[in-house]
Every structure is written in structure tokens, then in C-alpha cells.
Amino acid sequence: MSFGGVEAGDFRKILIYNKDRIFAFALPLGYVTDEWYANAAGAINWGFPTIADTPIPEVLPTGITTYEHVVSNIPHDKIVAKAVEVRGLKVTVSAVPIPVAFGAAFEGERVRGEDIYLECGGGRTAMVEWVSSKRMDEVEDGKVEVIGPELTDVSAGSKLPLAIVVEVAGRNMQDDYEPILERQIHHLINYAQGVMHIGQRDIAWIRVSKQAVEKGFRLSHIGTLIHAKLHQDFGRIFDKLQVRLYTDKDKVSEMVEKARAVYRIRDARIEGMTDETTDMYYSCTLCQSFAPSHVCVISPERTGLCGSYNWMDCKAAYEINPTGPNQPVPKGEVIDARLGQWKGVNEFVFKTSRGKIDHYNFYSLVNDPMTTCGCCECIAAVLPMSNGIMTVNREYTGETPCGMKFTTLAGTIGGGISTPGFVGHGKYNITQRKFVVGDGAILRMVWMPKMLKEEIAERLKSRAAELGVPGLLDMIADETVGVTEEAILPFLQAKGHPALAMAPILG
Ligand code: SF4
Ligand code: ZN
């Protein structure tokens with residue numbers, strides 16, 4: 001006990017020291033004699049559990065040791081993992097064993113044109129990333145499987161669908177942590193040299209360069225790096241992690257459906273909470289590596305613009321990592337209740353944008369809107385001629401009535417600045433009650449891509465009904481009506497769209 005500073009005979013302190021600091025356990029293999037029993041009892045009294053391969057009586061309640069005292073009848077191929085689990089040992093992966101360089105330095109790197117070996121997602125194929133929690137016995141730590149073609153099975157310039165399914169298990173794991181782990185996938189994949197990642201959830205997009213493939217990079221390494229890095233950074237909340245990478249079309253579609261059902265549940269957890277019910281919002285600065293002045297401040301009714309983080313997720317992320325990118329932001333004094341501006345938020349944004357942004361409004365795109373980074377699910381823009389607004393989602397690649405496609409919009413306003421007349425936002429946010437409420441709320445919406453209208457139809461209908469215009473969805477134009485302001489105006493007039501009769505949007 002020389003390093004413990006504990007006196008001989010001070011059994012309580014010795015027990016606590018061993019329990020917290022010495023990661024030992026007893027592994028009796030084969031027949032357990034009376035003497036072994038006595039030794040195991042002694043080990044327990046020292047804070048060390050016993051894991052046996054024979055069916056000796058189990059002592060499952062916890063108390064003296066961290067978890068169970070005696071666990072028995074464990075087959076040899078499971079016994080190491082079981083001992084690690086019962087002892088509460090944390091796996092640390094110190095290096096990221098992949099054949100390309102790995103680190104934050106490669107985060108902003110782009111893979112373009114001739115350099116692309118493989119592309120997944122980004123509107124070209126289906127792609128989804130999904131973290132879910134499982135029971136301890138359902139997860140084999142470090143297991144990575146590729147189901148469908150690997151990189152070596154396709155030629156340069158190929159496209160594949162991709163589902164990255166990460167399953168975690170742990171004594172401290174909660175469903176609430178799933179979105180937090182999932183959101184890390186974006187920057188972790190970007191850390192690999194020669195691999196580019198954009199987006200999240202079911203709109204993720206990845207490109208692997210020829211150079212990376214030449215160096216030996218394979219899809220399986222995505223699993224390897226996620227396993228290593230999540231263990232390093234979030235090992236406190238889970239114990240085991242396995243990754244399946246599907247590139248088989250039918251399997252990917254199946255995973256997309258499953259993940260979407262989960263996303264809906266996650267999004268809806270915030271339903272019913274209003275911005276007025278809390279004095280505390282949360283920040284997210286995860287995207288500062290791409291957009292250095294960008295700070296998302298997330299309120300119950302203003303989900304993060306990437307759609308991945310809502311107020312609950314940020315709160316949970318702060319609890320897991322109190323010095324991380326999600327910090328509590330006291331709202332402070334109200335500066336403008338209609339536009340959604342608070343003194344405390346402004347001060348926080350000023351500090352965290354390093355003096356670049358000194359204020360913004362949560363509920364307006366006309367007046368000093370929130371900053372936008374490149375991951376937003378949708379971008380809304382003012383349409384002056386129709387006295388309304390439009391919004392376009394990332395998956396829609398066509399023209400829009402504001403004169404720009406999504407990619408051009410993202411390139412123009414996505415650098416972490418506040419651009420009056422435009423704002424990035426999440427899909428779910430469109431039907432949250434505070435959505436551009438300072439500009440006249442969703443009644444201003446005159447154009448959306450058809451696919452987006454269909455995706456959020458049910459929620460949009462109920463939100464519109466609350467505002468007294470139950471038929472709003474059918475009054476909103478889409479690309480089948482037109483992709484210029486001139487082309488959609490007659491439609492809006494014929495439908496009697498409410499925006500046309502509202503106060504001037506740029507008034
Ligand atoms: Fe966080 Fe906002 Fe980036 Fe989403 S878009 S990861 S909420 S900073
Ligand atoms: Zn971003």
C-alpha cells in the first residue's frame with residue numbers, strides 16, 4: 001500500500017482504495033476447493049470480484065465490490081470480457097489503428113472530382129449513421145463488420161449506399177446519450193486523412209480519396225476509428241462498442257427506416273417544452289472547427305440547425321462532459337421577446353465567437369438571424385415578391401425561387417456568419433412553435449421542395465391549424481409549381497396564401 005498512503009489495518013480505507021484504484025479480479029479456473037472459496041471471500045473483502053468458469057454459487061448484489069461479487073459459469077471465450085465488465089474496467093485505446101494519418105488537422109480537407117474513389121450519401125445514394133444502445137451481452141467490444149461490398153470490391157469512382165450502425169452497451173449508458181455519440185461520427189471520420197464527411201443522420205455524405213485507398217484505407221477502418229475514439233472520449237458512459245457498416249442496398253434502406261423511427265422519437269422528446277419554461281439554454285460549438293465564429297445556442301423550441309442536437313441532448317452532453325462543447329447559457333434579461341434575443345445569450349455568443357458576433361435573434365431570419373454553419377439540414381430565405389419565405393433541404397438538389405440551389409446557399413451563408421434574409425435550421429424546427437415567429441411564423445412559408453413537404457406534412461398541418469390556417473400545406477408551392485418567384489406567385493394568389501396579406505416582410 002506504499003502508494004496509497006493508507007496505514008496497515010485501516011481496512012475501510014484499504015477497501016475503498018482497492019475498489020477505486022486497483023483494477024484486479026480473481027479468475028478461478030476449474031474446480032473451486034474450500035481454500036479457493038476462502039481466498040475469493042478475501043478478495044471480495046479487498047474490493048475485487050471473482051469470475052469463475054464453473055457453476056459455483058453466484059453473489060450478485062453489489063455493495064463491497066463495484067458491481068457483482070461472484071459471477072460464475074462463464075465460458076472461456078466470454079470470461080475476459082465478463083471480468084472487464086464486472087470489475088468496471090475501462091478500455092482505453094491509445095492509438096487509432098488505421099493506415100492513414102488521423103487528427104484534427106485533416107478536418108477541413110476536401111475530396112473532389114478526380115480524387116474521389118468512393119462516394120456515399122449526399123443525395124447520390126442513401127446514407128445513414130445511427131448509434132443505439134444495446135444490452136451488455138449483445139455487444140462485442142471492438143467488433144467491426146462490413147456487410148456488402150468493401151472498398152476493394154468496387155472500382156475507383158464508385159458510389160455505394162452506406163449505413164454506419166454503432167451499437168454500444170454499458171452500465172452507465174442511457175438512451176439520452178445516443179445522439180451525442182452519434183454526432184461525433186462527423187468530425188471523427190473527417191479526422192482521417194483523405195476522407196471527407198458532411199452532414200449527419202440520414203443526410204450524411206462521405207467521400208474517400210484514391211490516396212487513402214492506396215494507403216490501405218477500407219470501410220472497416222471507419223468502424224475501427226469510431227471504436228477507438230469514442231472509447232477515448234466517451235469511455236465514461238459506455239463499456240462496449242461494435243460497428244456494422246452496411247453497403248448492401250436493401251440492408252441500408254432497412255437501417256434508414258429503423259433510424260428514422262428513432263430520430264422521430266428523439267425529436268419528439270422536446271415536444272411540449274417551451275422557451276419560456278427555462279432560464280437556461282445550451283450552446284454547441286462543435287462546428288467551430290469548420291466555422292470558427294459559429295455558435296449554436298439551443299433552446300427547447302430552437303433545435304440545433306444540424307437537426308442532431310436538441311435542448312435535451314445538449315443538457316445530457318453537458319452532464320457527461322462539463323468542459324465540452326455544450327455549455328449552459330443563462331438567458332438573462334430579455335432584449336426582444338418577439339425576435340428572441342437575450343442579454344445573457346448575446347454575452348455568451350460574443351465571448352465564444354471570440355468577439356466576431358455580438359448578438360443574434362432566435363426567431364427571425366429577416367433581422368440579425370442566428371449564425372449558420374455548413375451542416376444545416378435546411379436553409380430558409382426571404383422571397384420579397386411573395387412577401388414570404390422559402391426553405392430548402394439539403395437533399396433537394398434543384399433550383400429554388402431565391403435563385404440559388406442548396407449547395408450555393410450553404411457555400412454563401414454557411415461560414416459561421418449571420419446573414420439577414422437567410423438562416424440555416426433543422427427540419428424539425430420548421431414545425432416548432434417559435435420558428436421565425438418574429439417574421440410572422442410559418443404562415444410566411446410560400447415554397448418548399450415537395451419531398452420536404454411530404455416529410456413533415458403531419459406536423460406542419462397541426463401547426464398550421466393552431467395558427468388558424470389548416471389548409472396551409474396545400475397553399476405552399478413546390479418545384480412542381482415553379483422554381484422562380486414569378487412562377488409561383490399566381491399559384492399563391494389563386495390559393496389565397498396568407499403571406500400575401502401580411503405586413504410587408506421587409507417593412
Ligand atoms: Fe452543434 Fe450547431 Fe454544429 Fe449541430 S450545427 S453540431 S448543434 S454547432
Ligand atoms: Zn456545422
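1. The term stands for a side-chain nitrogen of Lys or Arg within 4 Å of a carboxyl oxygen of Asp or Glu. The two partners are 25 residues apart, with Lys-453 in helix H11 (residues 450–455) and Asp-478 in the loop between helix H13 (472–475) and helix H14 (485–495). Helices are DSSP runs of H or I with at least four residues, strands are E runs of at least two, and both are numbered from the N terminus.

2. A word on the model: it is predicted, so local features need pLDDT of at least 70 and side-chain atom pairs count only at pLDDT 80 or more, while totals for chains, interfaces and linings use all residues. Residues are numbered from 1 along each chain as its sequence is written, and side-chain values use heavy atoms, with hydrogens and water left out.

3. Back to the opening pair: Lys-453 is buried at 11% relative accessible area, and Asp-478 is buried at 5%. Buried means under 20%, exposed over 50%, and partly exposed in between (1.4 Å probe, protein chains only).

4. Asp-239 and Lys-90 form another salt bridge, at 2.5 Å from N to O. Asp-239 sits in the loop between helix H6 (220–234) and strand S10 (240–246) and Lys-90 in the loop between helix H3 (76–87) and strand S3 (116–121), so the pair ties together parts 149 residues apart in sequence. Asp-239 is buried (13%), whereas Lys-90 is partly exposed (37%).

5. Finally, Glu-68, Lys-82, Glu-85 and Arg-171 are linked in a salt-bridge network. The overall count is 31 salt bridges.

Key
Chains lettered and ligands numbered in written order.
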